[in-house]
Amino acid sequence: MHGVKRVQYSKEALEAKRQRDQAKLKEYLALTHDILSRKKNNDMCREAFELTTRLLRVNPEFYTVWNYRRQILEIDMIPKSSAADTNDLLAEDLNLTTALLKQHPKVYWIWNHRRWCLEHVPNGPTEEDSNGWRMANWNKELFVVEKMLEADARNFHAWNYRRYVLGTMPVRRSELSELAYTSRKIEANFSNFSAWHQRSKVLTALWESNTVDPVKSKEEEFDLVKNAMYTDPGDQSVWIYHRWLVGDGGEAALLKREINTIQELLNEQPDSKWCMESLVHYKRLLLQKHTTSFQPGEQVNLVESCIGLLQELGALDPARRQRYKESSEHITRLST
Amino acid sequence: MSTDLELHIPLHVKYIQSLGKSKDDLMYHLTAHLRMNAIYWGLTALCIMKHKDALSREEMIEFVMSCWDDEAGAFGAHPDHDAHIHSTLSAIQILCVQDAMDRLDVDRITKFILSLQKPSGVFAGDKYGEVDSRFSYIAVNALALLGRLHELDTEKTVDYIRRCKNFDGGFGAVIGAESHAAQVFVCTAALAILDRLDVIDQDTLAWWLAERQLPSGGLNGRPEKLEDVCYSFWVLSALSILKKVSWIDADKLMQFIISAQDPDNGGIADRPGNQADVFHTQFGVAGLSLLGYPGLDDLDPVFCMPASVIEARGLKKGWQALPRQPTL
C-alpha cells in the first residue's frame, strides 16, 4: 500500500463502514466463487468471459482471473471468430485495460494483459495489407503510453512498455523521433531521470548506427546538460547523465574541459554538492588514466584539490561522509 | 531506551497476528492474490522480532500446502489461484523457515522453475510469459533453497542480468530499463548466490545506492523520487552485499523507519503518517535488522530470510550488515 494516509476512525465509524462493506463483500465473494468454479470446470462460455470483466473491474490484480480470461479468448472465442472479429475482441480488451490503467497505473497484471492482446493481433485487414491492424494497434499503444507518461512522467511500467512497443513496431520508427520525445520530456522537467535514461539508450543506438554524427551530437548534449546544470545544480538526474556523457575518461582534454565548466559553476554556487562530487570524480579519472601526460606539479595539485573537496563534502553532506573519507584515502594511494 | 527511537515490537506482533483474523473485511479478500507473499512477509518480520511462534506453524504449513497447483506443479498465492514463480518462492521460504521442506515435491517445483527460463536467460513469472529480472532472482533463490542450483544454466542466467546493467551501475527490470533500487536488490542478490559479483561495477553501484538517501533519512528507489520505507531493504540489502552500509547515515534511516510506525495499532507504513501494511512492516523491520537495531535477530539480505536459517543450510554468502547494538 503506497501513499494512503492513516486515519483514526471511531469505533462507530468503523462499524458503519463494515456494515456498508458487507453487501459488497458478499457480492465479491460470490462472484469470485462463481468464476473459480467455472475455471475448474473448464467452462469457456461467453458468460464466464463477461464475469471476468466484472471481477477485473473491481480487482485488476487478480492474476488468476486474467489468466482465465485469456484461456477463454484463446481456446474458445478467437478460434470461433473471423480475423476482423478477433481484432475487434482484442480492441475491446485493450480498451478495458486502458480504463483500468487510468485508475491503477502501476499494476503489472494490467500491463501484461495489454501486451498479450497486442501479441495476438491477427494479420489483416487484407492479404496485401497484412500489417494494417498491427500498425493501427501499435500506433494507438504509443498514444496511450504517452498519455500515461503525461499523468506520471516517472512511471517505469509505462516507460518499459513504451520501449517494448517501440522495439516491436511492425515498421520501425526512426530513433530520431524517440530522441525528440525525450527532449520534450526533459524540457518539461529536468528532474525526469527516466527521460535522461531513455535518452542515453537512444543516443547510443544513434551513434552506433551513425545516424547522427557522434562528435557533433555529443557536443549538443554537453550544451543541453550545461544548461540543465545551471538551471538547478542540485538536481542529481543531470549530473548522473553528465557522468554517462563523459564516459570512462579516456579523453584527457574532454575531462579537463568539463572540469573547468564545473569549476565555473562551483565558483557561482560555492555550496553545490554535485559540483564538488563531480569535480572529484573527473579529477580522479585524470589521476587514474592520464598521469603520463601530466605537467610537473599537476598530479600533486589534483590530489590536493580532491582531498580538499572531499573534506568540504564531508562537512556539507555528512550522511555520506564515510564514502568521502574512503575516496580521500583512495586518491591519496593513487598519488604514492 | 529513548522512546522516540523505540520499535513497538509487541504492537507489531499483534498487528501481524490480526491480519489473518479480518475475514469479514473486504480488503482482506481483495488482496487474496498476495496471501502467500503476505504470510512470508509476516513470518519473516516475526522471526526478526524474535516472535516466530506468534502464528501457528501447523496452520501456516497447511495453508501453504492448500495453495499447491497440481496441474502446474507449483504454488499459487491462494487456494484455487494459478501457480506463479513468486508465490512458489514464498511457499518454499515459509516451509524452509518452518523446517517443513519435506512437504515439497522438489522435483516438480524444480521442473516448473526451470521451464520458465527463456532463451535470453531471463525467467518468466508463469506460462503467460511476463519476464523480469525479479523472476531471475526468484528462480535462483528458490533453486538454492531446494538444493537444485546445479540444474540451472548459470551462464545464461548471469548473462541476462549483465545485460540489464546500466551506466549508473544499477539494474533495470529488463534490458534497456531504468535502474531501480528494487531491481538492484534482485540482481545483486542473484549474482551473490551465483558467486558472480564480478559482474557488478561495485564502486559505481554503491555510489548510486548511497545517493538514494534523502535529507529525511529515508531512501528513495530512483533519482529525484520520494523516500519510502521499503527501499530501506532494497537499498540496504544491496549495500550489505557490497559491504558498504557505512556509506549512508544509519541513524537517520533508523529514525525514518521508526517514525513510519503506527504507534496505536502497530505495523509500519511506506512513510510517516500513512497507513501500515505487512509489506512495509517486513521491509522496515528488515532494514532495522541490517542497521544493527538492538534486540532484533539477523536477517540474511541475500535471501531475505532469518540469517540462522540460511546459515544452517550452508548457503550464507559474504555480506556485511552493521554490528548489532547492545542498546540504543
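B:Q213 is found in the loop between α10 and α11 (230–241) of chain B; helices are DSSP runs of H or I with at least four residues, numbered from the N terminus. The model is predicted: local features need pLDDT of at least 70, side-chain atom pairs count only at pLDDT 80 or more, and totals for chains, interfaces and linings use all residues. Side-chain values use heavy atoms, without hydrogens and water.

B:Q213 counts as buried because its relative accessibility is 3%, where buried means under 20% relative accessible area (1.4 Å probe, protein chains only). The side chain of B:Q213 reaches the backbone oxygen of B:G217 at 2.9 Å. Beyond neighbours within four places in sequence, the contacts of B:Q213 include A:A319 and A:R320; contact means heavy atoms within 4.5 Å.

Across the interface, 56 residues of chain A are in contact with 59 residues of chain B. The area buried between the two chains is about 5,200 Å², taken as the accessible area (1.4 Å probe) that two parts lose on being put together, summed over both. Carbon and sulfur atoms give 51% of this area. A:M1, A:R6 and A:Y63 supply 15% of the area that chain A buries against chain B, more than any other three residues.

Seven salt bridges are found across the interface, each a side-chain nitrogen of Lys or Arg within 4 Å of a carboxyl oxygen of Asp or Glu. The side chains of A:K273 and B:E211 meet in a salt bridge at 2.6 Å, N to O. α1(A) gives the most to the side of chain A that touches chain B, with 10 residues.

Note on methods: Residues are numbered from 1 along each chain as its sequence is written. Chains are lettered from A and ligands numbered from 1 in the order in which they are written. Helices (H or I, at least four residues) and strands (E, at least two) are DSSP runs, numbered from the N terminus. Buried means under 20% relative accessible area, exposed over 50%, partly exposed in between (1.4 Å probe, protein chains only). A polar contact is a pair of N or O atoms within 3.5 Å; within protein, one must be able to donate a hydrogen and the other to accept it, and residues adjacent in sequence count only if both atoms are side-chain atoms.
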